[in-house]
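This report describes a predicted model.

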Amino acid sequence: MKTLKSIGYLLGLPVILLAWWWLATSGEPNFFVPTPSRLVTTFVETWFGERMLTDVLPSIMRLVFGVLAAIVLGIALGLAVGLNRTLRAVTEPVFEFFRALPPPVLVPVLMLLVGINDGMKIAVIISGCIWPVLLNTIEGVRSIDPVQNETSRSYGITGFARIRYQILPSATPTIMAGVRQALSIGLILMVISEMFASSSGLGFTIVQFQRSFAVPEMWSGIVVLGLIGVALSFIFQWVQRRVLRWYHGLKEVENAV
Amino acid sequence: MTQMTESSTRAAVRAKASRAPSKGLPKWVLGLIGIVAFLGFWELMPVIGAVQAKYLPPASEVLAALVTDLGLTAFWVAVGDTMLAWAIGLAMAVAAALVLGLVIGMSPFLRRFTNSTIEFLRPIPSVALIPLAVLLFGIKIESALLLIVYACFWQVLIQVLYGVADVDNVAMQTAKSYGFSYLQRVRDVVFPTMLPYLMTGIRLAASVALILAITAELLIGSPGLGKEISLAQSGGAIAGMYALILATGFLGVAINGVTRVVEKRVLSWHPSVRGEATA
């Protein structure tokens, strides 16, 4: 009974929305909105074939490479800057500017500097995603409990061991918040870089459908992007639960007291 | 997640305030050194031939182009268009998210009932809607608004839902037994608790709205700074393009600054802000 109820909560609204969509489109055909069954058949026809290999997978690969590179670079740079107070003060205004700069404007810049190729698209993703990770790492390192730092020093824990066992763990909750922002920016930039200058990839294909007024195909492309977004968010939550298991446990203990 | 950063930022601020003043140069001088070093590096890159000057003009040339822009009406019209789309989109998203968030958040049933749908719709990137926006509205401002409202709505909604969930149960029960009506409960019990969350949501949404306003202008060609950037690029006015890009960055910095000040003003009564001020 209990599981039945939670299934009802989980699927209730989606089912109602789908039924509404089906009823609203089943009458006269609407040019802008395809019927659910039409969308499903178009979705399967359009994406489960050659396009999977030529457009979808390369896009996802670029996204994964770009985001991972941005995370690694952001954390490495953030540690270097965050641990040095002078360096932090010197870089702060410039970094704040780059954080405030809307990432899509980097697309035309990198098109000029790198040219139109895979490298450009990955560079766009890296240069947009690195800022939230970098700035959150700096913030995380900066706000470490001073008692922890002093304990490390008294016990002679320095260098790599200190970074590995003291600094990184205490900064991880803040870093993860940055990674989450980086993921959504990365997905936006993947699409934009392909819409702007490309002859393949998801973004390009979807714009192509729209320009040729292939409306159901266009919708199916929007669904693909949505599914990628949802998948990324699930992966992130899974990783976060593993990485921050100790943190949530600690919070629970603290809140219980 | 945001709460995590927020609280750690606050802790950091307090920790810094209690620390002894650091030796050496004051912070703003160091920041200035950083800016000068960055501009110097940028100036030298094309001069020493690390990149071609036609692709990355030296900083001095770009700054000169920016100064020229500041005197042009066309530039300010573009800034106005961008900010108009930003402001309308943000206001619509905040209004819709606030009302829906309160209604959903105050009812445990609705909260559970909508949870799966919200969690599914939220991660959908709003740029996925670009083709739809073009199809429906073409290059009009509505295209930009569709993207901005979609992206900002979820940011604010989630924060409002967290905020309503944070309302003290005893306060709520007390209000109920004193016969507060629904609207009175919203105004006097829920709203004060939710306000810090709402402000966080608005602050995040304000920068997201700028990103999407510029995106829509770049890709769809609705009027504004983004459109000017893509025109400058295709017209080969590279220094002008970099100048406009700098302008969008300054716009972003200004928006961040203003929202931070507004947040502090609106929440001046709230313990989290007052604690910061006295520490």
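In this predicted model, the crossing of α7(B) and α9(B) is right-handed. Helix α7 of chain B covers residues 141-165 and helix α9 of chain B covers residues 182-219; their axes approach to within 8 Å and cross at roughly 160°. That angle makes α7(B) roughly antiparallel to α9(B), because angles over 145 degrees are counted in that category. The residues in the contact of α7(B) with α9(B) comprise 21 nonpolar, 8 polar and 1 charged.

A further helix of chain B, α4, spans residues 73-106 and contains B:Val77. Is this residue buried, exposed or partly exposed? B:Val77 is partly exposed, because 13 other C-beta atoms lie within 10 Å, and a residue is counted as exposed at 12 or fewer and as buried at 20 or more. Between the C-alpha atoms of B:Val77 and B:Cys152 there is a separation of 24 Å, the two residues being 75 apart along the chain.

Chain A contains 11 helices and 0 strands. Its pattern along the sequence is accordingly written as α-α-α-α-α-α-α-α-α-α-α. The C-alpha trace of chain A extends over about 75 × 60 × 30 Å along its principal axes. The radius of gyration of chain A is 23 Å, whereas a compact globule of 257 residues would have a value near 18 Å. Of the 257 residues in this chain, 42% count as buried. Among contacts in chain A with a separation of 6 or more, 75% are between residues 24 or more positions apart.

The two chains also meet each other: 54 residues of chain A are in contact with 53 residues of chain B. On the chain A side, the elements that give two or more residues are α1 (2-26), α4 (85-100), α5 (106-114), α6 (118-142), α8 (159-196), α9 (202-211) and α10 (215-243). By class, this side has 37 nonpolar, 11 polar and 6 charged residues.

The table sets out the class composition of the two contacts described above.

| α7(B) with α9(B) | 21 nonpolar residues | 8 polar residues | 1 charged residue |

Note on methods:
Residues numbered from 1 in each chain as written. Chains lettered and ligands numbered in written order. Predicted model: local features only at pLDDT ≥ 70, side-chain atom pairs only at ≥ 80, totals over all residues. Helix = DSSP H or I, 4+ residues; strand = E, 2+ residues; numbered from the N terminus. Contact = placed C-beta atoms within 7 Å. Nonpolar A, V, L, I, M, F, W, Y, C, P; charged D, E, K, R; others polar. Rg over C-alpha atoms; globule rule 2.2 N^0.38 Å. Axes fitted to C-alpha atoms, helices over the stretch in contact; angles between N-to-C directions. Parallel < 35°, antiparallel > 145°, perpendicular 65-115°, else oblique. Left-handed = near helix turned anticlockwise from the far one by under 90°.
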